[in-house]
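The sequence and structure are shown below.

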Amino acid sequence: MVMHNAESTVLIVDDNKANLSLLIDQLLAQGFQLMVAESGGSALERVHFRIPDIILLDVRMPGIDGFETCRRLKTDPAVADVPVIFLSSLTDADDKIQGFQAGGVDYIAKPLDFAEVLLRVRTHLSLRRLQRSLTQSNAELEQRVAARTIELQAEIARRTQSEAEKSL
């Protein structure tokens, strides 16, 4: 299932106007729908109005930092499965580990290379679509198994009844 960029909504969370501007311009040019937040608190509010398909989240922000924002997002069942990609000038392994432990699926170092950002966004959107498709297929399979089990139980009951009547 191929999804066009226009069908995907990206939430960009960054307090740096230059970074926001770059990401907005580039992602709009690629046809993505965008949501923008300039703080962690604002991002937490925005997701209640519309659930994005992916979140690009700056780590260093005043107030609630990106790691804490991600942890809070992951406790909300409505957005818990939305992939979060951290964007940060913090490149130490401990910072990256902290991002993954907070629930992020990827970590991109600043300064941003937009080609890299775009590839990672598309990759994680594709993975999310595949995961949703697999979940849906599993649910459908479980329904079919349950229906077939009921049919088999009814057939067993019918045959048992028939055998009981023959032995009378």
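With which residue does Arg-71 form a salt bridge, and how far apart are the closest N and O atoms? The partner is Glu-68, and the closest N and O atoms are 3.1 Å apart. The model discussed here is predicted.

Arg-71 and Glu-68 are 3 residues apart in helix H3, so about one helical turn separates them. In an α-helix, residues three or four places apart point the same way, because there are 3.6 residues a turn. Arg-71 is partly exposed, its relative accessible area being 34%. Glu-68 is also partly exposed, at 26% relative accessibility.

## Salt bridges involving helix H5

The structure holds 13 salt bridges. One of them joins Arg-128 to Asp-81, with 3.3 Å between the closest N and O atoms. Because Arg-128 belongs to helix H5 (residues 114–166) and Asp-81 to the loop between H3 and S4, this pair ties together parts that are 47 residues apart in sequence. Arg-128 is buried, with a relative accessible area of 6%, whereas Asp-81 is partly exposed at 39%.

Arg-120 forms a salt bridge with Asp-106, and here the closest N and O atoms are 2.5 Å apart. This pair links distant parts of the chain, since Arg-120 is in helix H5 and Asp-106 in strand S5, 14 residues apart. Arg-120 is partly exposed, with a relative accessible area of 25%, while Asp-106 is buried at 11%. Elsewhere, a network of salt bridges links Asp-14, Asp-58 and Lys-110.

## Nonpolar cores

The largest nonpolar core has 21 residues, of which Leu-11, Val-13, Ile-55, Leu-57 and Phe-86 touch the most other members. At least two residues of this core come from each of strands S1 (9–13), S2 (33–37), S3 (54–58) and S4 (84–88), and from each of helices H2 (40–46) and H3 (66–74). H3 gives the most, with 3 residues. Apart from this core lies another, of 17 residues, including Phe-32, Leu-56, Leu-112 and Leu-125.

Beyond its neighbours within four places in sequence, Leu-11 is in contact with several residues, among them Met-35, Val-36, Ala-43, Val-47, Pro-52 and Ile-55.

In helix H4 (residues 93–102), the buried residues are Asp-95, Gly-99 and Ala-102. They lie on the same side of H4, because they cover an arc of only 70° around the axis. The buried residues of H4 pack against H3, S4 and strand S5 (106–109).

The face of H4 turned away from the buried side carries Asp-94 and Gln-101, which are exposed. Just after H4, Gly-103 takes a positive phi of about 120°.

Note on methods. Residues are numbered from 1 along each chain as its sequence is written. This is a predicted model: local features need pLDDT of at least 70, side-chain atom pairs count only at pLDDT 80 or more; totals for chains, interfaces and linings use all residues. Side-chain values use heavy atoms; hydrogens and water are left out. A nonpolar core is a set of buried Ala, Val, Leu, Ile, Met, Phe, Trp, Tyr and Cys residues joined through side-chain atoms within 4.5 Å. Buried means under 20% relative accessible area, exposed over 50%, partly exposed in between (1.4 Å probe, protein chains only). Helices (H or I, at least four residues) and strands (E, at least two) are DSSP runs, numbered from the N terminus. Contact means heavy atoms within 4.5 Å. The arc is that of the directions from the helix axis to the C-beta atoms. A salt bridge is a side-chain nitrogen of Lys or Arg within 4 Å of a carboxyl oxygen of Asp or Glu.
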